[in-house]
Amino acid sequence: MGIRRIRAATIAGTALALVAASAAIALTTSASTAAPAAAAADPVLVGAGDIATSGSGDTATAALLDGISGTVFTTGDNVYNNGTSSEFNSYYNPTWGRHKARTRPAPGNHDYNTSGASGYYGYFGSVAGPSGRGYYSYDLGNWHIVSLNSNISMTSGSAQVTWLRNDLAASTKPCTLAYWHHPLFTSGANHAPSTSTRPLYQALYDYDADVVVWGHNHQYERFAPMNPSGAADSSRGLRSFVAGMGGAGAYGFGTIQPNSQARNTGTLGVLKFTLHADSYDWQFVPQAGKTYNDSGTGSCH
C-alpha cells in the first residue's frame, strides 16, 4: 500500500506539472498572437502668422493651441508693432509664448522693424535656427519641414536659396512642407503678391515639395496646387495657404486671384496639418464662437 500511495502521488504530481506547462504554453501563444500596440499618432503641425498685439486676438488663438498637440509653426509678424523685446515679453509671451518650447517660428517684416530682428532672435533663441539667419529645417515623421526668411535676400544665387536647394537635395523624406512670411500668391487687398519670393518657391517645386504656407495678409486663403508661375499644376504643383489669422486685425480681399479655392477674413484661427506617411489633412480651426471652417486632404508627390 505504501508503494501504491507513492506511485499515485507521483502520477498526480506529474499530471499537475503537465497542466501547468500547458497553461504556460497557452499564455505564451496568446501573447505572441495578440494584436500589436496601436501605432503612434501621425505628427501634427499647427500655427498661423500675424499674431500678438495689445488686443485679445492672440489670446483667442493661443487658447486653440492649448487643445492641439504637436509642433507649432508661425508665419511671421509674431508681435506688433516693431518686434521689440518688450513687445515679445508683454504680448507674445503670455499667449502663444506658453507653447514656445514646441514652436518653430519664421520671422516677418514687423519682427524686422527692430534692427536685425534682435527681439525675435533674442526671444526664440535656438528654436529659430542658427542665430540671425532665420532659415532652417527639421523633420516630422515622413515629412521634411523648412522655415524660411522672406526678409533677406532670396535671389537665385543668394545664400538662402543655395542653402535651400542643398537642404532639399539632402532630404530623404518623401513629403515636404515649407513656410515663410510674404506670400507669392494672395488675393489680399493690403499686400500684393511678393514676387521676390519666387526663387524659394521655384526651388521647392524643383525638388517636388508639396505644401507652402504664408502670412502677411491678415486673413485665410487656400490655393489649388500651382507651379511657380501661378498656373494650376495637379501633378507637381504645391498647394499654398495664406494663414495670417493668428490674432492681428483682419484685412480685406481685393481681386480674387486665379486658383484661389477658399478664403475668409474676420475669423481668427489656426491652420492644422496632420502629416501622414504619404499624404496630409488640413483644417482651419476657428476661434471660439466662430463657425468658418475649411478642410481637406492632399497626397504627396
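This is a predicted model: local features need pLDDT of at least 70, side-chain atom pairs count only at pLDDT 80 or more; totals for chains, interfaces and linings use all residues.
Figure 1. D208 pairs with R236 in a salt bridge whose closest N and O atoms lie 3.2 Å apart. The two residues belong to distant parts of the chain, 28 residues apart: D208 is in the loop between helix 6 and strand 7 (211-214), and R236 is in the loop between strand 8 (220-226) and strand 9 (238-243). R236 is likewise partly exposed, with a relative accessible area of 32%.

**Figure 2. The salt bridge between D294 and R222.** The closest N and O atoms of D294 and R222 are separated by 2.8 Å. This pair links distant parts of the chain, 72 residues apart, with D294 in the loop between strand 12 (279-286) and strand 13 (295-299) and R222 in strand 8. D294 counts as buried, at 8% relative accessibility. R222 is also buried, and its relative accessible area is 10%.

**Figure 3. The salt bridge between D206 and R165.** In this view, the closest N and O atoms of D206 and R165 are 2.8 Å apart. D206 is partly exposed, with a relative accessible area of 33%. R165 is partly exposed as well, its relative accessible area being 27%. The pair of D206 and R165 forms a salt bridge, and a search of the whole structure finds four salt bridges.

Note on methods. Residues are numbered from 1 along each chain as its sequence is written. Side-chain values use heavy atoms; hydrogens and water are left out. A salt bridge is a side-chain nitrogen of Lys or Arg within 4 Å of a carboxyl oxygen of Asp or Glu. Buried means under 20% relative accessible area, exposed over 50%, partly exposed in between (1.4 Å probe, protein chains only). Helices (H or I, at least four residues) and strands (E, at least two) are DSSP runs, numbered from the N terminus.
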